[in-house]
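Here are my notes on this one, written as numbered points. Have the model open while you read.

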Amino acid sequence: DRTLDKKFATQNKTKNNIRINCLPDSFFHLAYEYKLFDAWRTRNPESRSYSFFSNRHHSWSRIDMCWLSLDLMKETEQIDLLPRSFADHNPLVVKLKTKFKINTWRLNTFILHDKVFIEKAKEKMKEFFTVNKGSVKEFATIWDTAKAYFRGLAIQYNIQKKKERNKKYSDLIDKLRKEEEKSNQNPRMEEMKTRLRHLQHEINVLLTEENAKKMKFIKQAFYGISSKRSKWLAYKLREERRRKTILSLKNDQGEEKVTIEELKGIIKKFYQKLYKANPISKED
């Protein structure tokens with residue numbers, strides 16, 4: 001039912017204006033031909049959730065969609081419409097089962113501007129050098145240990161701040177979700193719009209620092225913070241990482257597999273055969 005994706009603030013809705021605000025039949029014929037699925041509607045066949053509010057028409061609609069192939073639908077772990085926080089559209093989040101993670105640790109330089117962390121680090125490092133001074137002959141050993149100790153302090157502080165930030169973000173999202181549910185019932189209520197804007201602003205401020213940190217780490221991971229002289233080296237490093245990345249393998253039947261679990265199974269089976277001890281006969 002395509003009308004599930006539209007809600008008018010007034011009762012003056014007709015078949016004609018509902019028809020105008022629906023996707024054309026040609027699009028659905030194209031989606032059927034290429035076997036594409038509306039991911040959110042497939043997982044939520046009867047739900048009424050919307051992604052955009054039109055101030056002009058005073059209506060809610062779900063115009064933000066993600067159409068996936070059958071293979072990607074099988075790999076979809078979660079799909080959800082989040083509350084609006086920094087734009088006039090509700091974000092549509094799709095999480096796939098396949099995950100790639102880079103385990104390289106990098107110092108979060110934002111904590112170097114945190115006065116609380118700076119004072120704590122000064123106190124702890126002063127205590128460290130006082131206790132360990134003269135414990136070994138080589139000062140370089142103490143210095144290397146001090147760097148590891150400082151790294152532990154930074155990781156501990158980051159974990160604590162992340163827990164606090166996640167809790168605050170979760171509470172704000174819950175409040176925003178409840179206010180949006182009320183707004184769906186009464187889109188013209190100005191007081192409710194003010195509360196929504198206030199919550200969106202709080203979430204936006206909270207996410208600004210986090211987004212800046214992620215952008216910096218992405219640039220570091222893909223060598224985006226490089227001078228012109230090192231562009232060739234950055235290209236070579238990226239190419240080397242791409243060459244070493246295994247995207248697919250073939251099993252014993254010659255079938256190409258791409259998921260992480262299937263790749264692990266093929267590699268495990270290969271090394272089990274490789275290192276399997278040859279049976280020793282009784283005569284030997």
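1. Where is the place of Leu199? Leu199 sits in helix H7 (residues 190-221); helices (H or I, at least four residues) and strands (E, at least two) are DSSP runs, numbered from the N terminus. With 10% relative accessibility, Leu199 counts as buried, where buried means under 20% relative accessible area, exposed over 50%, and partly exposed in between (1.4 Å probe, protein chains only). The C-alpha atoms of Leu199 and Leu172 are separated by 6.8 Å, and the two residues are 27 apart along the chain.

2. A word on what you're looking at. This is a predicted model, in which local features need pLDDT of at least 70 and side-chain atom pairs count only at pLDDT 80 or more, while totals for chains, interfaces and linings use all residues. Residues are numbered from 1 along each chain as its sequence is written, and side-chain values use heavy atoms, with hydrogens and water left out.

3. Helix H7 also holds Val205. Val205 is exposed, with a relative accessible area of 51%. From Val205 to Ser85 it is 9.7 Å in space, C-alpha to C-alpha, and 120 residues in sequence.

4. Next, helix H5. Its 18 residues should span 26 Å at 1.5 Å a residue, and its end C-alpha atoms are 26 Å apart, which agrees; the expected span is 1.5 Å times one less than the number of residues. Which residues of H5 are buried? They are Phe117, Ala121, Met125 and Phe128. These four cover an arc of only 55 degrees around the axis, which puts them on the same side of H5; the arc is that of the directions from the helix axis to the C-beta atoms. An α-helix has 3.6 residues a turn, so residues three or four places apart point the same way. The face of H5 turned away from the buried side carries exposed residues, including Lys115, Glu119, Lys122 and Lys126.

5. The structure holds one cavity of 30 Å³ or more, a cavity being a set of points, on a 1 Å grid over the protein atoms alone, where a 1.4 Å probe fits but cannot get out. About 30 Å³ of space lies in the largest cavity, with grid points joined across faces, edges and corners and the volume taken as the space filled by probe spheres set on the points. Its lining residues (those with an atom within 4 Å of a point) are Phe117, Lys120, Ala121, Lys124 and Leu153. Helix H5 (residues 115-132) gives the largest share of that lining, four residues. By class, the lining has three nonpolar, no polar and two charged residues; Ala, Val, Leu, Ile, Met, Phe, Trp, Tyr, Cys and Pro count as nonpolar, Asp, Glu, Lys and Arg as charged, and the others, Gly among them, as polar.

6. How many aromatic pairs are there? The count comes to eight, with rings of Phe, Tyr and Trp (its six-membered ring) pairing if their centres lie within 6.5 Å; planes under 30 degrees apart count as stacked, over 60 as edge-to-face and the rest as tilted. Phe27 and Phe28 have ring centres 5.9 Å apart and planes at 85 degrees, so this pair is edge-to-face. Phe27 is partly exposed, at 27% relative accessible area, and Phe28 is partly exposed with 27% relative accessibility. Ring pairs link Phe27, Phe28 and Trp67 into a cluster.

7. Another edge-to-face pair is Phe117 with Phe150, at 6.0 Å centre to centre and 65 degrees between the planes. Phe117 lies in helix H5 and Phe150 in helix H6 (residues 139-185), so the pair ties together parts that are 33 residues apart in sequence. Phe117 is buried at 3% relative accessibility, whereas Phe150 is partly exposed at 25%.

8. Two last spots to check. Leu112 lies in the loop between strand E7 (92-96) and H5 and is partly exposed at 42% relative accessibility; Leu112 and Ala154 are 9.5 Å apart, C-alpha to C-alpha, and 42 residues apart in sequence. Met73, in helix H4 (residues 70-75), is buried at 11% relative accessibility.

Terms used: On a 1 Å grid over the protein atoms alone, a cavity is a set of points where a 1.4 Å probe fits but cannot get out, and a pocket is an open set with protein on both sides within 12 Å along at least five of seven lines; lining residues have an atom within 4 Å of a point.
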